[in-house]
Amino acid sequence: MHSIKHLKKSISNKKLVFAVYGLGNVGGPIATAWLRTGAKVIGVDISKNLLDEVTQGISHKKEPFISTTFTKNLKNGNFEITSDGIQASKKSDIKIITVPVDFNKNKINFNALISASKNIASGLKKNDVVIICPSLPPGSCKNLVLPILEKNSKLKVERDFYLIYSPERIFEGRALQDIEENYPAIVSGYGKNSLDFADDLLQIISKKGTVRMLSMANAEAEKLFEGVYRDVNIALGNELADYCEKIGVNYWETRIGANSQPFCHLHYPGTGVGGLCIPVYPRFIIESGNKIGKSLKIIQNSRKINNSMPIKCVKDSLDLMKKHKIKPKNAQITILGLGFRGDVTDSRLSPTYDVVDEFLKIGSKVIIHDPFILEDSKIPKDVILTSNLSKAVEGSSLIFISSDHKMYSQLTKKSFSKVKKPLLIYDGRNVLKRKYFSSESLLTIGLRD
Ligand SMILES: NC(=O)c1ccc[n+]([C@@H]2O[C@H](COP(=O)([O-])OP(=O)(O)OC[C@H]3O[C@@H](n4cnc5c(N)ncnc54)[C@H](O)[C@@H]3O)[C@@H](O)[C@H]2O)c1
């Protein structure tokens, strides 16, 4: 038997022990949310580097409360960390999977999910609970994870253990707040027992309560649709912004006007869509549609539009140089922002990589500035990455704004005093205050003076 009251008691008595598999952007905040209820938590990760950072209290730099909660609970014994996923499964009752499922060489990469599931299965006991959180193609929990758990543990779902799918809905930089306060938790289970348990358990950390889904596949699809909605609408913003440039209309002003009508939600255009979520989820759906011969045309076209943005923006910036008779070959180009989005430390699938490649192809020299990312193994070796803005812009022939870090909105003409004359800027995110720059210097996405 379980009720919220009973579960809370078992958590504070440490009768229910949690294990979180994957302590990254999602797993770190989830482990923290449970530690903050007084739970005993085992954090499992294969990255020695991350485990070292957790031990030193320097992990999750841009997420408030994570490393301080870890440090406090490592000291008082409520939190332990390990790379041994089998032992963690043996010692825990509730196992939460937060490892990544991504794209590798154009194929969905389930390796981390399969490996974590096998480890959990090896230690799975009667009455244990497995909660899966990564975003997945619909059907993955039932057809991929469940057979691994049952086969390797010789236990039966619903009768011996519960299987729950609860996709995480977080915005990097305020993940813990999103889990605890901002969104209801989506809950689904293999059967009624699993679903009822998920509903009671997740209400303990989610102030906004839960949204029950009738099947795990419905919940898997729900999470992907959130991302697809964003990707398609960003593509619409990009297409309309391009159209506005061609007909001499200001997209940014029309957007504000249009969005004052309650059914209109036009999104920002920009240099591209990055991160592990928004560009990836549409591809899960496209792949899953391909398997049954269903082509999803709006989603496919939106991906194409968003993928083409780095090339379009570089081309427009080269036109600006050409207008001023500046040759891009051997010229120094400064790109502002490597983060896939403003104010994040995450550069995964950032459109900036494609922007860099375009400039390198034509023989330019590239410097990237980012205030949060101090090193990155994926940038080509001739490209300099620095967090020193005045060093980054010194002697440059073009400033190209790729990420909308808040600090860039404070820049004025003075910030670029060391740039080669004439000052040329391509603002691919519309972050600069236009009053500080002449229309000759500044070209902004979505508008032409
Ligand atoms: N980042 C987001 O904002 C966000 C939001 C919602 C959902 N998601 C989904 O959550 C999932 C995880 O994303 P993330 O951003 O936390 O990834 P991440 O790369 O930041 O973290 C994943 C962690 O899992 C570890 N790991 C890999 N294989 C493992 C294994 N077999 N056992 C234990 N640990 C292992 C890695 O070392 C890493 O530390 C993704 O599938 C993503 O789609 C992410």
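Buried means under 20% relative accessible area, exposed over 50% and partly exposed in between, with a 1.4 Å probe and protein chains only. The model is predicted: local features need pLDDT of at least 70, side-chain atom pairs count only at pLDDT 80 or more, and totals for chains, interfaces and linings use all residues. Residues are numbered from 1 along each chain as its sequence is written, and side-chain values use heavy atoms, with hydrogens and water left out.

**View 1. Phe359 and Phe400, an edge-to-face pair.** Rings of Phe, Tyr and Trp (its six-membered ring) pair if their centres lie within 6.5 Å; planes under 30 degrees apart are stacked, over 60 edge-to-face, the rest tilted. Phe18 and Trp34 are stacked, at 4.5 Å centre to centre and 25 degrees between the planes. Phe18 belongs to strand β1 (residues 17-21) and Trp34 to helix α2 (residues 27-35), 16 residues apart. Helices (H or I, at least four residues) and strands (E, at least two) are DSSP runs, numbered from the N terminus. Both Phe18 and Trp34 are buried. For Phe359 and Phe400, the centres are 5.7 Å apart and the planes 80 degrees. Phe359 sits in helix α14 (residues 352-361), Phe400 in strand β14 (residues 398-401), 41 residues apart. Phe359 counts as buried because its relative accessibility is 0%.

**View 2. An aromatic cluster.** Phe103, Tyr281 and Phe284 form one cluster.

**View 3. Arginines over rings.** A charge sits over a ring if NZ of Lys or CZ of Arg is within 6 Å of the ring centre and within 35 degrees of the ring normal. Arg36 lies over the face of Phe65, 5.1 Å from the ring centre. The charged end of Arg341 is over the Phe171 ring, 3.7 Å from its centre.
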